[in-house]
Amino acid sequence: MQNCIIASTSTIHGSGPLDYLLDSLVELFKESEQLLFIPYARPGGISHDEYTIGVNTIFKKINKRVLGIHMFSDITEALKNTQGIFTGGGNTFLLVDQLHRNKVVQPLKTAIDSGTPYLGTSAGSNICGLTMQTTNDMPIVHPRSLKTLGVLPFNINAHYLDPDPNSTHKGETRETRIKEFHTINTQPVVGLREGSWLRVYKNDIKLQGPLSARVFEKNKNPYEISPDSSLSELK
């Protein structure tokens, strides 16, 4: 029984980190006093300790204590015993590299599949898909595998941006990049706009937040799904 919030971003314009999600996090972590934080994505290159301290400050708003996974000598036991898990944003290549190097992938998936409440934002959401191949990040390291947790039966493109018809930029749009992905790969991709998240509970995957999401399937035209729509059948 999975119990997750998989969000495009931690911060939306005009609010503090996770502020827009706090009510949902109170519900997600209602039985959790202490959370295990995975800081491997290191946004801006900050240290694991700096990242964990910042996240701890945020979660104090809802009376939760946060410990970084890097603080434990036995990561498997830490994941078995934790009451909740948060994987934050940053660089997805670095995050996946460290998950593999520290042998976190399987125990993390086991914890999520067993019902441990999980929050992922940005890179921490990308790893919930089948692979990390639809991230927007630069490959600053070379992970031993691009496969990720497979919590979702599709891939995520976090921070999805629509084409700007007034822009003079001639580079590829997100939609173009995802179409390139589908010339070789088959799994669907869900473009999550800022302020949107997926609520995974038991066997249901539902889009939450104020905005629609854009869905890409191989050999089909992209289409929009509205808030509160189910994505459980998308494979």
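1. Is R101 buried, partly exposed or exposed? R101 counts as partly exposed at 49% relative accessibility, where buried means under 20% relative accessible area, exposed over 50% and partly exposed in between, with a 1.4 Å probe and protein chains only. This is a predicted model, in which local features need pLDDT of at least 70 and side-chain atom pairs count only at pLDDT 80 or more, while totals for chains, interfaces and linings use all residues. Residues are numbered from 1 along each chain as its sequence is written, and side-chain values use heavy atoms, with hydrogens and water left out.

2. R101 forms a salt bridge (a side-chain nitrogen of Lys or Arg within 4 Å of a carboxyl oxygen of Asp or Glu) with D97, the closest N and O atoms being 2.9 Å apart. Both residues lie in helix α4 (residues 92-101), four residues apart, which is about one turn of the helix; helices are DSSP runs of H or I with at least four residues, strands are runs of E with at least two, and both are numbered from the N terminus. D97 is buried, with a relative accessible area of 5%.

3. R193 and D162 meet through their side chains in a salt bridge of 2.8 Å, N to O. Because R193 lies in the loop between β7 (189-191) and β8 (197-202) and D162 in the loop between β6 (155-157) and α7 (174-182), the pair ties together parts that are 31 residues apart in sequence. R193 counts as buried at 10% relative accessibility, whereas D162 is partly exposed at 42%.

4. A network of salt bridges links D162, E175, K179, R193, R214 and E224, and a search of the whole structure finds 13 salt bridges.
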